[in-house]
Amino acid sequence: MIIKDIGHHTCSSKGGEKFVIREAPFLSEHGFLGKGYYFWQNNLEFAKIWGHRHYNGKYYVLEFELNVYYDELLDLVGNRTQMMQFKNLIYSIKQKLAEKFKNTPEKKVAIDEWGIGEIIEYLKRKNIFEYKIIKAVDYRVSYRHLGKESFLRNKKNFIFLNPRIFYCFIEKNNLYFSNKKLIYTSDG
Amino acid sequence: MDKLESMLNKVLKLIDDDPQAVFDEISSIHDSFDAEDVIPIEEYLDRLPQVYESIFAFDILDDTELVEIEEKPFFGEMKFIENLKQGNFTPILSAA
C-alpha cells in the first residue's frame, strides 16, 4: 500500500535555488532518528521555524509529494502495535545490557541516557533495522504551536491539532516522490 | 515473525555474544551525537541574532522554548534569559 503525503524539507540556501532544487533533499547526519532525509509532515510553519533557528535565517523550504510505502514504514505516530513493539525493543535492549553490567553503575547510567535515535542508528549500522522509513512526532513544542484545543468546554482534556510530525527516510534510494518544488525562501 | 520481533531477537543475540562491543558502539554513537550539539562559541555568538529573531518572529517565547535555551551550555544564555524576562534585549553580545 502506498500513502500519498506532503513533506516539507528545510535546508540551507547555500548553493542557490537551482542547486538546491536539483539536489534536495539533503542528508541529516544527526537527526532525531539518526542519519537520514527528514521531512515535516505537511507543516510549513514548523519547517520555517526550524530553518530560522538552524540555518542562521538563510534557508529554503521545499515541498515534496511523497509516496510512502506502508510496508517499509515504522509508524510511531499512528500504528499502536508498532509503537508497543518498538517500546518493547528499546526497553529490552536497555534492560539486557543493564543486566550484563549490573556491577558497573556508571555503565547503567550511560545506558539510561541513550535516546531512541542512537539505538536506531546502531541497529542500522548492524543491518538489523528492517524499515526504510520512520514517522515520529516531537512533543517538545509550545501548546500554542501544537494547536491545543479542548474536547469539551467543561473538561480539561485536550487534543493537539497541529502536531509536529516528521518522516525520516533512511536512504535516498528508498525515497519516492512524484513532485518537488521550492515553496519558501527566507530572503523573500 | 514480524520485523520488530526479528530485530529484537537479532540485537539480543548480539548482546549475548558480546555486550561490551554493543555498549561501546552505542556509546560511541551517543558521544558523536553529543559532539554535534556543541557549537563553537564564535558560531554561537553569530547565531544569537537569529535566536532573537526566531523568538520574536514566531512568538515562541514560552516555557518550552526557555527550557530549550537554558539547556544550552553557554555563559551568555542565562543573562540572555534574564534580559528577555526584564524586557532588556540589548546587552547580551557585550556579555561575551
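Me: How much of chain B counts as buried?
Reply: Of its 96 residues, 12% count as buried. Keep in mind that this is a predicted model.

Me: What is chain B built from, helices or strands?
Reply: It has six helices and zero strands. From the N terminus on, the order is α-α-α-α-α-α.

Me: And chain A, how many helices and strands there?
Reply: Chain A has five helices and ten strands. Of its 188 residues, 35% count as buried. The C-alpha trace spans about 60 × 50 × 40 Å along its principal axes.

Me: What follows the helix?
Reply: N56(A) follows α2(A), and its phi is positive, near 50 degrees.

Me: Where does V61(A) sit?
Reply: In strand β4 of chain A, residues 59–69.

Me: Why does V61(A) count as buried?
Reply: Because V61(A) has 21 C-beta neighbours inside 10 Å, and the cut-off for buried is 20 or more.

Me: What is V61(A) in contact with, leaving aside neighbours within four places in sequence?
Reply: From α2(A) there are A47(A), K48(A) and G51(A), among others. The list also includes L44(A), H8(A), H9(A), T10(A), I183(A) and Y184(A).

Me: How far apart are V61(A) and W50(A)?
Reply: Eleven residues in sequence, and 9.9 Å from C-alpha to C-alpha.

Me: Switching to strands. How many residues of β9 in chain A are buried?
Reply: Five of the six residues in 164–169, so the strand is mostly covered.

Me: Which strand does β9(A) join by six bridges?
Reply: That is β6 of chain A, residues 133–138, and the two run antiparallel. Within that pairing, D138(A) has R164(A) as its bridge partner. Strand β3 of chain A, residues 34–41, is joined to β9(A) by four bridges, again antiparallel. Y37(A) stands opposite F169(A) there.

Me: Now the two chains. At what angle do α3 of chain A and α1 of chain B pack?
Reply: About 5 degrees, with the axes 10 Å apart. That angle makes α3(A) roughly parallel to α1(B).

Me: Which residues make the contact?
Reply: On α3(A), they are Q82(A), Q85(A), F86(A), L89(A), S92(A), I93(A), K96(A), L97(A) and K100(A). On α1(B), they are L4(B), E5(B), M7(B), L8(B), V11(B), L12(B) and I15(B).

Me: How do they divide into nonpolar, polar and charged?
Reply: Ten nonpolar, three polar and three charged.

Me: Which residue of chain B does F129(A) touch?
Reply: M7(B), which is also part of the α1(B) side of the helix contact. Not counting residues up to four places away in sequence, F129(A) also touches I120(A), L123(A) and K124(A).

Me: Where is F129(A), and why is it buried?
Reply: F129(A) lies in the loop between α5 and β6 of chain A. It counts as buried because 21 C-beta neighbours fall inside 10 Å.

Key: Residues are numbered from 1 along each chain as its sequence is written. Chains are lettered from A and ligands numbered from 1 in the order in which they are written. This is a predicted model: local features need pLDDT of at least 70, side-chain atom pairs count only at pLDDT 80 or more; totals for chains, interfaces and linings use all residues. Two strands pair if DSSP finds at least two bridges between them. Two residues are in contact if their C-beta atoms, placed from the backbone, lie within 7 Å. Axes are lines fitted to C-alpha atoms, for helices over the stretch in contact, and angles run from 0 to 180 degrees between N-to-C directions. Angles under 35 degrees count as roughly parallel, over 145 as roughly antiparallel, 65 to 115 as roughly perpendicular and the rest as oblique. Ala, Val, Leu, Ile, Met, Phe, Trp, Tyr, Cys and Pro count as nonpolar, Asp, Glu, Lys and Arg as charged, and the others, Gly among them, as polar.
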